[in-house]
Amino acid sequence: MVRPYGKGHKRKKKGERYDKEEDEVEDKQVEEENTDDETEISAQDAEEKTEEEREELPELEGIPVGPSAQTAKKPGVIFVLEKASLEVAKVGKNYQILNSEEHANFLRRNNKNPADYRPDIIYQALLSILDSPLNKAGCLRAVYVKTDKGVLFEVKPYVRIPRTYKRFAGIMLQLLQKLSIAAVGKREKLLRVIKNPVTQHLPLNSRKIGFSHSSDKLVEMEKYVAGVGGDTDLVFVVGAMSHGKIESDYIDDFISVSEYPLSAAWCIARICEAVSKKWRVL
């Protein structure tokens, strides 16, 4: 039976030493926890500061180093997709990307032409660009999309677009609401809304080429690309709408690549094939 300490009894010095060691261990653990808390707060503050600095800058930084870093010093290709139909509206209880197939009655009730709401065009165009051998070879620098409402966003070359339109529409809805989408488990933003105009994000030595069936300059794409200097970045501006013509004052040359009207995806396919042959991408 252990006798309890009564009044006037004191613990031995050996016990006092053990208590002191336990207190030191507890104090050390508390200090480590406080240090972790301070580290988390500092990281959060740094992230918020970075976001504030980005908002204050008149121009955003260039494309970060990615899988195509080996070809960063060589000429590359940039696509600008103009007038993409990506309009968000509240249909019923949920916000959705409007399209002519699912929201025809809603659009007519709001005195809008359903034929103008074709987000599937930008979906097919992005698939054509990102799935091309030109991109897989590391020749694609960036893709910029400008909606018909004037919102400009960047798509990284190594983004894997969903294979179904429904999932793509969900991602576009999230992008337009949250202004960016990061990679899974990472902080890198694969899609992000950026500031206009698009010209501030384009290389200075680039040649900006627009495409329109109404252009009087009908060219064979392979010969046209072959005539461009080998040290020049190529910027291709393609319309991502169902009808109409892109009107941009920054374009150096307007051309047509077929005697017949082509979809944006077909036009992009001809561009990628011609540039692939020029740079010998098989």
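Q: Is L179 buried, partly exposed or exposed?

A: Relative accessible area tells you: buried means under 20%, exposed over 50% and partly exposed in between, with a 1.4 Å probe and protein chains only. L179 has 46% relative accessibility, so it counts as partly exposed. Do keep in mind that this is a predicted model: local features need pLDDT of at least 70, side-chain atom pairs count only at pLDDT 80 or more, and totals for chains, interfaces and linings use all residues. Residues are numbered from 1 along each chain as its sequence is written, and side-chain values use heavy atoms, with hydrogens and water left out.

Q: Where is L179 found, and what is its phi?

A: Elements come from DSSP runs, numbered from the N terminus: helices are H or I with at least four residues, strands E with at least two. L179 is found in the loop between α5 and β6 (180–182). Its phi is near 75°, a positive value in a residue other than glycine. K83 also has a positive phi, near 55°, and is not a glycine either. K83 lies in strand β1 and is partly exposed, with a relative accessible area of 34%.

Q: Which residues does a cis peptide bond join?

A: Look at omega, which is about -5° for the cis bond joining N196 and P197. You will find P197 in the loop between β7 (189–194) and β8 (207–211).

Q: How many aromatic pairs does a search of the whole structure find?

A: Rings of Phe, Tyr and Trp (its six-membered ring) pair if their centres lie within 6.5 Å; planes under 30 degrees apart count as stacked, over 60 as edge-to-face and the rest as tilted. The search finds five such pairs. One of them is F79 with F236, a tilted pair at 5.6 Å centre to centre with 40° between the planes. F79 sits in strand β1 (residues 77–84) and F236 in strand β9 (residues 234–239), 157 residues apart. Both of these phenylalanines are buried, and ring pairs link F79, F211 and F236 into a cluster.

Q: Why is the pair of Y123 and Y165 called edge-to-face?

A: Their planes stand at 65°, with the ring centres 6.0 Å apart, so the pair is edge-to-face. Because Y123 lies in helix α3 (residues 119–130) and Y165 in helix α5 (residues 165–178), the pair ties together parts that are 42 residues apart in sequence. Y123 is buried, with a relative accessible area of 8%, whereas Y165 is partly exposed at 24%.

Q: How many residues of α3 are buried?

A: In α3, 10 of its 12 residues are buried, among them I121, I122, L126 and L130.

Q: Which residues lie nearest the centre of the second largest pocket?

A: On a 1 Å grid over the protein atoms alone, a pocket is an open set of points with protein on both sides within 12 Å along at least five of seven lines, and lining residues have an atom within 4 Å of a point. Here H213, G239, L262, S263 and A264 lie nearest the centre, out of 27 lining residues. The elements giving two or more residues to this lining are α3, β9 and α7 (264–278).

How values were computed:
On a 1 Å grid over the protein atoms alone, a cavity is a set of points where a 1.4 Å probe fits but cannot get out, and a pocket is an open set with protein on both sides within 12 Å along at least five of seven lines; lining residues have an atom within 4 Å of a point.
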